[in-house]
Amino acid sequence: MTLHDSHPSVVQRNDPPALIRALRGDRPATTPVWFMRQAGRSLPEYRELRVGTDMLDACLNPELASEITLQPVRRHGVDAGIFFSDIVIPVRLSGVDVRIVAGRGPVLDDPVRTAADVAALPPLDPAALAPIREAVALTVAQLGATPLIGFAGAPYTLASYLVEGGPSKEQLKTRALMHSDPETWTALLTWCAGITGAFLAAQIEAGASAGQLFDSWAGSLSLADYTAHVAPFSTLALDAVRELDVPLIHFGVGTGELLAAMRDVGVDAVGVDWRLPLDEAVRRVGPDVTVQGNIDPALLRAPWPVLEAHLVDVLRRGQAARAHVLNLGHGVPPDTDPTVLTRIVEFVHAHA
Ligand code: 1CP
């Protein structure tokens, strides 16, 4: 039995799934819904499975990564799985010493800040991606008709961890490097685009039906800097998957001013955080892309009637777009009550 059999209402056989139709610009009968960070700490079954296993080791164990990917699909009946992994996995698979510190995020003891540091970055051996391909293939076999979204970090967001050595608020060292040493910047972002593009391509070749590029921290950039120093490398990363012909989503946080430029790297959908109403986002990106978002994660803790009114408002504003994929404006906070997420899915699927 595949997972799909337990969700017979999702799609008819042969019909593209609602998520894929929406990303391509069609409006399915109900709005598709999934959640960034739907796999992970909000789920007790995830916390149980992760006991005693390091985060990046879990990502590189195909059975474990696959099971963690499936957990939220089973529990919530969302319209897509998102592959359980992390944006720094291709960095680790290249042989760079990066680890994930609980409650903090990716950390490097030796940040990458000089021309010599960048020149020493090792190439990514395609064979190292074998556990990713295996995990995706296992997952797709279980998902049945429910699509799997593959993902990768955009070169800028990835570079910010390498340069800062860990999470940072405004990526100051990273942006300083961009302006102080353009040659090193180009070399660093080209390396990041190569490994992250290969990571995304491996997932799509193994069966993922869509891809999302996370430029989570692009919101720290001016439009001029984004356009001149960042967007060309995001385009380069996505060039690795264009021939695979799956729909692509591009997401960042605080990127209201960048949305049209993010569209222009060549994607089918842009993700919008909670700061900008979706109808205003549509005014900025025009009629030729789908929008994804933009429930405020803070409202997951509000009383249901407050959250419901917000959902209705987001769904209404999403009508301004050619198509809308409902999601949060950023990832599921770890202390979220997962029953609230299930209720959102039920509500959106019942809302014509
Ligand atoms: O022990 C744990 O459970 C660690 C928490 C965790 C998890 C569950 C991290 C560390 N990464 C992940 C998985 C993950 N990361 C997924 C798959 C799960 C899903 O979406 O269902 C995805 C898509 C990511 C992508 C990711 N990692 C991004 C982009 C998305 C976003 O949230 O903006 C970023 C910026 C990272 C870096 C990262 N990894 C982990 C953390 C806590 C962070 C963010 C740190 C920071 O704030 O800078």
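Q: Contact means heavy atoms within 4.5 Å. Going by that, what does R41 touch, not counting residues up to four places away in sequence?
A: This is a predicted model. In it, R41 touches Y46, R47, G103 and P334, with residues up to four places away in sequence not counted.

Q: Where is the place of R41?
A: R41 sits in the loop between α1 and α2.

Q: And how accessible is R41?
A: Its relative accessibility is 45%, so R41 counts as partly exposed.

Q: Which residues does the UniProt annotation "binding site" cover?
A: The annotation, from an unreviewed entry, covers R37, Q38, A39, G40, R41, D86, Y161, S216 and H330.

Q: Why do they not all gather at one spot?
A: They span 294 residues in sequence and the farthest two C-alpha atoms are 22.5 Å apart, so these residues do not all gather at one spot.

Q: Which of these residues does the lining of the largest pocket include?
A: The lining of the largest pocket includes R37, Q38, A39, G40, R41, D86, Y161, S216 and H330.

Q: Take Q38. Where does Q38 lie?
A: Q38 is in the loop between α1 (18–24) and α2 (44–50).

Q: Is Q38 buried or exposed?
A: Q38 is buried, as its relative accessible area is 0%. The cut-off for buried is under 20%.

Q: What is Q38 in contact with, leaving aside its neighbours within four places in sequence?
A: Leaving those neighbours aside, Q38 is in contact with L43, P72, V73, V78, A80, G81, I82 and V332.

Q: Now R37. What is its phi?
A: R37 has a positive phi of about 60°, and R37 is not a glycine. Most residues other than glycine have a negative phi.

Q: Where does R37 lie, and is R37 buried or exposed?
A: R37 lies in the loop between α1 and α2. R37 is exposed, with a relative accessible area of 60%.

Q: Change of topic. What about the phi of D245?
A: D245 is a residue other than glycine, and its phi is positive, near 60°. The place of D245 is in the loop between α11 (223–239) and β6 (248–251). D245 is exposed, at a relative accessible area of 54%.

Q: Which residues does a cis peptide bond join?
A: G293 and N294 are joined by a cis peptide bond, with omega about -20°. Most peptide bonds are trans. N294 lies in strand β8 (residues 290–295).

Q: What is V272 in contact with, leaving aside its neighbours within four places in sequence?
A: G293 and N294 are among its contacts.

Q: Where does V272 lie, and is V272 buried or exposed?
A: V272 lies in the loop between β7 (269–271) and α13 (278–285). V272 is buried, with a relative accessible area of 2%.

Q: Helices next. At what angle do helix α8 and helix α9 pack?
A: Helix α8 (residues 155–164) and helix α9 (residues 172–180) pack at about 105°, and their axes are 8 Å apart. That makes α8 roughly perpendicular to α9, because angles of 65 to 115 degrees count as roughly perpendicular.

Q: Which residues make the contact?
A: From α8 they are Y156, A159, S160, V163 and E164. From α9 they are L172, K173, T174, R175, L177 and M178.

Q: What is the contact of α8 with α9 by class?
A: By class, the contact has six nonpolar, two polar and three charged residues.

Q: Which residues does the UniProt domain annotation cover?
A: The annotation "domain: Uroporphyrinogen decarboxylase (URO-D)", from an unreviewed entry, covers residues 32–41 and 149–165. Residues 32–41 are 0% helix and 0% strand, with the end C-alpha atoms 23 Å apart. Residues 149–165 are 59% helix and 29% strand, and the end C-alpha atoms lie 28 Å apart.

Q: Last two. Where is Q71, and what does Q71 touch, not counting residues up to four places away in sequence?
A: The place of Q71 is in helix α4 (residues 62–76). Q71 touches L43, E45, Y46 and L49, with residues up to four places away in sequence not counted. At 4% relative accessibility, Q71 is buried.

Q: How far apart are A198 and L129?
A: A198 and L129 are 69 residues apart in sequence and 8.5 Å apart in space, C-alpha to C-alpha. A198 is in helix α10 (residues 182–205), and A198 is partly exposed, with a relative accessible area of 27%.

Methods:
Residues numbered from 1 in each chain as written. Predicted model: local features only at pLDDT ≥ 70, side-chain atom pairs only at ≥ 80, totals over all residues. Heavy atoms only, no water. UniProt positions renumbered as here; feature names shortened; annotations may be inferred. 1 Å grid on protein atoms, 1.4 Å probe; cavity = no way out; pocket = protein on both sides within 12 Å on 5 of 7 lines; lining within 4 Å. Helix = DSSP H or I, 4+ residues; strand = E, 2+ residues; numbered from the N terminus. Buried < 20%, exposed > 50% of the residue type's maximum accessible area, 1.4 Å probe, protein only. Axes fitted to C-alpha atoms, helices over the stretch in contact; angles between N-to-C directions. Parallel < 35°, antiparallel > 145°, perpendicular 65-115°, else oblique. Nonpolar A, V, L, I, M, F, W, Y, C, P; charged D, E, K, R; others polar.
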